[in-house]
Amino acid sequence: LIVTKEKALQEILGFLAPHKRILIVGCEGCTTPTRGLREAKTYAMLVEMGGKLKNKELQCRPTTMEKQCDNYEAITNLSPQIQDADAILSLACGVGVQTVSEVFPNIPIYPAQDTIFLGSQDRDNSTMHEKCRACGECLLGETGGICPITRCAKSLLNGPCGGQVQGKCEAGGWKNDCAWILIYNRLKERNELDLFRKFRIPPDYRVSEHPRKLSMETSPEKKLKTETKEESVGNEKREAYSELMKQLGEGRFVFTGELEPMKTTNLDEVIESAKILKSHVVAINVTDNPTAFGFFNGLVSSYLVQRESGVEAVYQMTTRDRNRIALLSDILAAGTLGMKNILAITGDYTTVGDMPQAKPVFDLDSATLVYTLRKVINEGLDLNGNKIENPPKFNIGIGASPNSDPLEPEILKIERKVKLGVDFIQTQCVYSVEQAKHFMEAVSYLKTPVLLGIAPFKSQAMMDWMIKFVPGIKVPQEMEQRLRKAREKSKEAFLEENTEIFAKLIHDIHKTTNAAGLHLMAVGFEWILPKIIERSGIRHN
Amino acid sequence: MICPSVCPFDALSTEGESGEVKLDVEKCQVCGICFAACPASAIETIYYDVDPLLSYIGTSMREKGLDKLVLTCRGAGLLEKRTAVESEELHICDSITLSLPCVGRIPPELLLKTLSRGIKKIEILLCEDKHCRFKDGSAIGTRRFLLVQALLSQLGFEQDAVTVIKRSVKAHIDAYRCIRCGNCNYVCAFNAIKMKPPEGAQVDPEACSGCGACAAVCPAFAVKLNGSEYETISHEIRNYRSLIPKMKLQAKKPVILVLSCEWSEFSDLDSPQSSTMENVVFVGLPCAGRVDTLHVLEAFYSGFDGVLIAACEKDECKLEKGNEKAEERISSLKKLLAEVNLEDRLDICFVSPKNVGDLDERIKLFIERINPLPVKGAVRD
């Protein structure tokens, strides 16, 4: 069904103001809610009454037809009725309005509603749900009859992303179901998880190049779309290009840090923080417009961090804002600027950021970005197989979410990427040894180094915010209470307690799990990290 | 103790050793079945009492010179004014017609008295037992009339002096108009409509109770419902277009339309249009679920100053949540009407015939409320 939403009467009256005799045409085809003769009559009366309020005499004639989008039907049906009309108000979708307009180019036609999507009707809740985006390449046979193109906000082909908590999506405020969790549940029920494991190469957007046209005489050409790579997990020998990878290869327990360039042209603070961390971490991640906020460029700051502080950067690349052309361009630049690590992530959805009106790109997702990087690094080719002169070399990292609930689809998704060739994994923050163990056991079969995320709290307000607004974060009650108690004494006591708690936590994780290292996030109070590391007694080098 | 045993709503009970009968007003639906059953005429009713009915019949006999009486149940679908076609089918053109909320309330005494006053033939139309709006009214009435028939034949009356016909209003779908949208299928609370290709919606007459909820949501006006289809009611409303200016002048008050569920108000002689309310036009509906937003719009378009919907009180819908359906529809229509400054001129009230005068009071209040509203917004001058 084509779902439409009525325009405000005032807008319609605005359209019709210069006219006098108006033919109001219902459409009994697929427009939903149905806009047949009943609605045509309703509009006829409302428009006349509304016109009267503005001292305007409008004469409306309601009529209806089967399908306004059929040009032949439009001619035969409307021709006899249209003579004395000087405007048409159409109750059809945008397709019907345009078809009638092509048939009667000399008569102004106005839409009475906005066409919003192709969807289905949930009668019991009186709601309409978008179900198809007419992408041109139907995936439903592989996804358990649930369309990820339509029902995943990012239209991911290799979901779910990290913006999923307990099956709900970060886009739209945790109300909508995560399409990929729906797909996972259905495929699991049917015992078809192999379909879930499958990696799908980036879509060919030429099939949906506007305006599309289909000749009724020739049948569309068929081609096989998805590429399955038969590779065993984790057997690939990893080449180390970066210091991070070298140390991981030597089996050393490593720390990485994280820096966040903000909405400023001044990177002094970021570089200062890098210098503080320098002797404690092997590499530092530099974020790429985190939580979809428009910040200073990640590649340039990665470069400056490396140049000014001498610490190796992990350049984070999200696929949210750049299509495959821009991404490749930045990959090449990153090579020239001396980047050694790239963390391939999808990126938070645009609407959670500070410019929520932005057009979300998501041409690639994190998996297809890994795929792209592999092609560049290993074969010296871009996605389409075009040769790259002097191809760059990087080690590729991916993100993971140990807080994911359910965990299995997250693990399967990591597996999907590991098969493509991933060098290391950095995770979102964990707050308990149990959680760390649980996750490490689940990913151990992938034989890929994992750096578990650790994020101490800068303040009680930040802790409250994290607990309240960062879904999926599980802070143990005991930890929370200890910190609250300390905060009652003083701010200093709070930070001291933080140091104590997190030193113990990383010590225990180091002792009891096979994590390859820790990813420490303390944006804005990096000075605390050396203290925590020292107190934990873990020797970095 | 007959009355407690016939009450379909368990509103009557005997109390203590004296066996005094108590009425639970909350449960009573004013069907009048007890009134007709009481051998001692000990139950009083303000609606359709024997004497006013007799005098009405007597007057009609004298004035029109008719000797045939047709008693119908409201549910049997003979809403006056809309019955031209139906009356021909049933050969009741030359009859005194009298419709009552339930024929279960007619005592045998009334039939005997009318026959003794010169009526030659009595035809009684009642709802199918299954679709009686008062559960057992139709079945109890039928038994009672068959007894009267037997008694009459013993007394030497003609065989067809009293005839009983059972019929209930059913929805029919005009397959030619149906656009197969499925709205009726969804709205039907009786599971009486199925969507079947290629004809479209099909009504199961056994299950259909004739509430008309389907007619109210059909975008193509494909539902036929004897007397209550879109066109008939629409025609009735539009007919007032030329009368309203005169009515306004005479009454010096706003002229309003009351779309009333025929179970939410009873009047003494089934003509709610009493002389005290010359500015109020009543249009009866088989159920508030039949309230059609288009009819409301047409009323404003035709010049009515206000439209009041009268629906049954909560939990008292004789059909299936017709009052709630009406309320939903009215509240969404109000949003549309706000765009033409008419939203204050539409309201819905929930009334019950057991609260005598309740509807009149609501109408009065409604008129008082809309009276001072600015004229701009009310349409046709």
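**Conventions.** I worked from a predicted model in which local features need pLDDT of at least 70 and side-chain atom pairs count only at pLDDT 80 or more, while totals for chains, interfaces and linings use all residues. Residues are numbered from 1 along each chain as its sequence is written, chains are lettered from A and ligands numbered from 1 in the order in which they are written, and side-chain values use heavy atoms, with hydrogens and water left out.

**Chain A as a whole.** I looked up the secondary structure of chain A and found 18 helices and 18 strands; these are DSSP runs numbered from the N terminus, helices being H or I with at least four residues and strands E with at least two. The C-alpha atoms of chain A fill a box of roughly 90 × 60 × 50 Å along the principal axes. I noted that 54% of the 541 residues of chain A count as buried (buried is under 20% relative accessible area, exposed over 50%, partly exposed in between, with a 1.4 Å probe and protein chains only). For contacts (heavy atoms within 4.5 Å), I recorded that residues 24 or more positions apart account for 73% of those in chain A with a separation of 6 or more.

**A:Asp508.** I located A:Asp508 in helix H17 of chain A, residues 491-512. A:Asp508 counts as buried because its relative accessibility is 17%. Apart from residues up to four places away in sequence, A:Asp508 touches A:Val433 and A:Thr513.

**B:Glu324 and B:Glu327.** I placed B:Glu324 in helix H12 of chain B, residues 322-337, and B:Glu327 is found in helix H12 of chain B as well. B:Glu324 has a relative accessibility of 33% and therefore counts as partly exposed. B:Glu327 is also partly exposed, because its relative accessible area is 40%. Leaving aside neighbours within four places in sequence, I found B:Glu327 in contact with B:Ile348 and B:Phe350. I also checked B:Val280, 47 residues from B:Glu327 along the chain; the two C-alpha atoms are separated by 21 Å.

**B:Leu155.** I found B:Leu155 in the loop of chain B between helix H6 (137-154) and strand S6 (162-166). B:Leu155 has a relative accessible area of 57%, so B:Leu155 is exposed.
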